[in-house]
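Here's a quick tour of one chain, from its overall fold down to a single residue. Have the sequence and the structure open as you read.

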Amino acid sequence: MDGHVGKFFESVSSIFRGSDTLPVCDRDIIAGCETEVADAANEEQKNESLMRLSWALVHSGQPEDVNRGIGMLEASLGKSNSSLQTREKLYLLAVGHYRNGDYTRSREILERCIEIQPDWRQALTLQRLLEEKTKRDGLIGMAIITGAFGVVGLVAGGIIAAASSSRKK
């Protein structure tokens, strides 16, 4: 019996935990990328280093890093030399908005990325994560609303019961 109860609570809590399979970069990786940008010998190396820095920033667990990465990518998007570079920047922008919890914006950008390459596995994986996150958040919202209605119903029932018992006296 206790095993079944434990499994039940584990399955319920898994809804609230979620699984974010995107990598997370720490401050050391970001600092290394910043040094790489500063030490770049030419414009091509600098651009490559800036892409790595943008990647690290949008994969950070810190919102200020993610926002910085989004800003860098948005500023450089118009300067892309190829559809491959545009695709990469759009994907990283979608990751950044996903990390910030702006799932609508992430989905919009990801759709543009998938238009460029419909079978790109990274983009399709992020799209799946977005769908799962949206469903999970919807279930949580419904559970909260249902719980709130339940509490209101209990309170209202208690008030009605108290009022009817006081009238009988």
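## The fold at a glance

Keep in mind that this is a predicted model. The chain has seven helices and zero strands, so the pattern along the sequence reads simply α-α-α-α-α-α-α.

Of the 169 residues in the chain, 27% are buried. If you take contacts between residues at least 6 apart in sequence, 53% of them link residues at least 24 apart. The exposed surface comes to about 10800 Å², with carbon and sulfur atoms supplying 59% of that area.

In soluble globular proteins, nonpolar side chains tend to be buried together. Here, the largest nonpolar core holds 24 residues. The ones with the most contacts inside this core are Leu 22, Tyr 91, Tyr 98, Leu 110, Cys 113, Ala 123 and Leu 126. At least two residues each come from helix 3 (43-58), helix 4 (63-77), helix 5 (83-99), helix 6 (103-116) and helix 7 (121-168). Helix 5 puts in the largest share, seven residues.

## Zooming in on Leu 110

Leu 110 belongs to helix 6. Is Leu 110 buried or exposed? Its relative accessibility is 2%, so Leu 110 counts as buried, the cut-off being under 20%.

Which residues does Leu 110 touch, not counting those up to four places away in sequence? The list is Tyr 91, Ala 94, Ala 123, Leu 126, Gln 127 and Leu 130. As for Arg 87, which sits 23 residues from Leu 110 along the chain, the C-alpha atoms of the two are separated by 9.2 Å.

## The largest pocket

The largest pocket has a volume of about 270 Å³. Helix 3, helix 4 and helix 5 are the elements that give two or more residues to its lining, and helix 3 gives the most, with five.

Who's in the lining of the largest pocket? The residues are Glu 43, Asn 47, Leu 50, Met 51, Ser 54, Met 72, Ala 75, Ser 76, Lys 79, Asn 81, Gln 85 and Lys 89. By type, that lining splits into four nonpolar, five polar and three charged residues.

Note on methods:
Residues are numbered from 1 along each chain as its sequence is written. This is a predicted model: local features need pLDDT of at least 70, side-chain atom pairs count only at pLDDT 80 or more; totals for chains, interfaces and linings use all residues. Side-chain values use heavy atoms; hydrogens and water are left out. A nonpolar core is a set of buried Ala, Val, Leu, Ile, Met, Phe, Trp, Tyr and Cys residues joined through side-chain atoms within 4.5 Å. Buried means under 20% relative accessible area, exposed over 50%, partly exposed in between (1.4 Å probe, protein chains only). Helices (H or I, at least four residues) and strands (E, at least two) are DSSP runs, numbered from the N terminus. Contact means heavy atoms within 4.5 Å. Accessible areas come from the Shrake-Rupley method with a 1.4 Å probe; for residues, only the protein chains shown count as cover. On a 1 Å grid over the protein atoms alone, a cavity is a set of points where a 1.4 Å probe fits but cannot get out, and a pocket is an open set with protein on both sides within 12 Å along at least five of seven lines; lining residues have an atom within 4 Å of a point. Grid points are joined across faces, edges and corners, and a volume is the space filled by probe spheres set on the points. Ala, Val, Leu, Ile, Met, Phe, Trp, Tyr, Cys and Pro count as nonpolar, Asp, Glu, Lys and Arg as charged, and the others, Gly among them, as polar.
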